[in-house]
Amino acid sequence: MSEHRALDDMLGRPWRKPHFIQSPALRWSLIAGFVAYLIAAFLTIEVDLGRVYQGLDRGWQFVLSFTRPDFVSRWSDIWSGLVESIVMTVAASVVGIAISIPIGLGAARNIAPLPVYVVCRAIVAISRALQEIIVAILLVAIFGFGPLAGFLTLSFATIGFLSKLLAEDIEAMDRVQAEAIRASGARWMQWINYGVQPQVMPRLVGLSMYRIDINFRESAILGLVGAGGIGATLNTAFDRYEYDTAAAILLLIIGIVMALEYLSGIIRARVQ
Amino acid sequence: MPVADANGVKIWRRRTNRESLVRWFGWLIGVAVFLYCWQQISHATTWFFVWDAPRIAGDIWERATPPRWSYLTQLGRPIWDTLNIATLGTIIALMLAVPVAFLAARNTTPSALIIRPVALLIIVSTRSINSLIWALLLIAIIGPGVFAGVIAIAIRSIGFCAKLLYEAIEEIDATQVEAITATGASRWQVMAYGIVPQILPAFAGIAVFRWDINIRESTVLGLVGAGGIGLQLQASLNVLAWPRVSLILLVILAAVVLSEWVSAKVRGAII
């Protein structure tokens, strides 16, 4: 009845859009807090408008350089950096995916015993909390400059990403199928192979493709801290204000990422 | 069903001979590519340093512990800067991503032939370049500092937010839009009353999700000079002040975990 009364009360009044946050007190305190934060943030950011104005010209030069990218004059540097990036991506993706499958199995509560689960979840949490670039800095300090540090960084990052999502997928799987395999007297390995794997395989392939894409994008910045790849070449190009070369490298990165996305779209459509 | 015929006895097989041969070749090529890549990496590596690595790692660990807690008092301002870079960057990115998303979504774009590809190009190109590279570029253009970091984060986030947002717009319920249109509403009224209420929860979710990622990314922007706690990290690394480095890494870790917790809570409350 109360609903009807509310409807009666509303008759004859113009309709007003309901608010996204219902409670007015919460709404206004959120807005006030947000505005206060914005004011504080703007007050503490120092923007040197003169410097920005000076730079606009250089920015325009950079935008223009995209219309005439220079692939030729530094081609050997670009090529070796690009090959190193791709090599790191492929090797790290293979090793990372291979390691993340057992860890993903261990991090799924419905198939792993508690001690294994805790250890695997801890590995996933550590790998996810540390960013690539920080791991790369530490690994470069430990293993020296070069693609090995980049390869290890990307493998480590792949483990955290893929194991977590794989474990979530395994936890959401249909138990009935797995139980049917177990009831036929299958060993543990056969149970995983015939009961669990077919259910999670399409998603695993899709996620792996996505991760290869991410690994390539990340490999482009690892060079900034000396961990190999195209990043070092790009950094040098920026430092020397050779925007034509930088534009060429960025176009190559964008092109490869687009190609990878297109490829992964096709593969994902086929396995699903 | 592939069946092998062995002396008159039929045996079930999972794949035909041809299929297994193709698979075998696929694996062969895959393994060969991997081995080639590994050889390249190994060729570019100084293996002496790798064998020496456990000793170096132990050495660094010894130098880095315990963290210099007294340095914490000097980290307040960098953390505030980092928070500002992430938050202001996210806000600017969202303001730019909304129009791009409406132009990119198949059901709201004014022209599927010309404007949609341009919007998609903006999304792909901003998404495929890391914020560190944007920061590197912006520092050359507008000088080092927090402002360059804010803009770098903003540009990088446009593609991500616009992509998720336009997918949400394409999934809206068309009947509600039709109902608003049937009342004689203008194009903008249809947007405001038919489309926006449907994507508002997705929008809030995307905003918080991206903010969480941006906190992560803005902690390292300082490595190239774009402000935030990364500046302190870079300075400490340069003078090999390992106790300070370990403290900064702990602070970054805490910030990342905290922001992920906040984002998960807020998203849980919205959705």
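**View 1. Overall build of chain B in the predicted model.** Buried residues, meaning those with 20 or more other C-beta atoms within 10 Å of their own C-beta atom, as against exposed ones with 12 or fewer and partly exposed ones in between, with C-beta atoms placed from the backbone, make up 37% of the 271 residues in chain B. This is a predicted model, in which local features need pLDDT of at least 70 and side-chain atom pairs count only at pLDDT 80 or more, while totals for chains, interfaces and linings use all residues. Residues are numbered from 1 along each chain as its sequence is written, and chains are lettered from A and ligands numbered from 1 in the order in which they are written. Chain B has 11 helices and 2 strands, where helices (H or I, at least four residues) and strands (E, at least two) are DSSP runs numbered from the N terminus; along the sequence the pattern reads β-β-α-α-α-α-α-α-α-α-α-α-α. The radius of gyration of chain B, taken over C-alpha atoms, is 27 Å, well over the 18 Å given for 271 residues by the globule rule (2.2 Å times the number of residues to the power 0.38), so chain B is more spread out than a compact globule. Its C-alpha atoms fill a box of roughly 75 × 70 × 35 Å along the principal axes. Of the contacts in chain B with a separation of 6 or more, 69% are accounted for by residues 24 or more positions apart, a contact being two residues whose C-beta atoms, placed from the backbone, lie within 7 Å.

View 2. B:Ala6 has B:Val9 in E2(B) as its bridge partner. The hairpin has 2 residues between E1(B) and E2(B), and B:Asn7 in the turn has a positive phi of about 50 degrees.

**View 3. The side of chain B that touches chain A.** Here 45 residues of chain B are in contact with 44 residues of chain A. Helix H6 (residues 131-142) of chain B gives the most to this side, with 7 residues. The residues of this side of chain B divide into 34 nonpolar, 10 polar and 1 charged, with Ala, Val, Leu, Ile, Met, Phe, Trp, Tyr, Cys and Pro counted as nonpolar, Asp, Glu, Lys and Arg as charged, and the others, Gly among them, as polar.

**View 4. Helix H10 of chain A and its cover.** In helix H10 (residues 231-239) of chain A, the buried residues are A:Gly231, A:Thr233, A:Leu234, A:Ala237 and A:Phe238. They lie on the same side of H10(A), because they cover an arc of only 160 degrees around the axis, the arc being that of the directions from the helix axis to the C-beta atoms. What covers them includes helix H4 (75-106), helix H9 (188-222) and helix H11 (243-271) of chain A, together with H6 of chain B.

**View 5. Backbone exceptions in the loops.** Most residues other than glycine have a negative phi, and most peptide bonds are trans. A:Tyr241, in the loop between H10 and H11 of chain A, has a positive phi of about 55 degrees although it is not a glycine, and counts as partly exposed with 13 C-beta neighbours inside 10 Å. B:Leu240, in the loop between helix H10 (229-238) and helix H11 (242-270) of chain B, likewise has a positive phi of about 55 degrees without being a glycine; B:Leu240 is exposed. A cis peptide bond, with omega about -10 degrees, joins B:Thr65 and B:Pro66.

Definitions and conventions: Two strands pair if DSSP finds at least two bridges between them.
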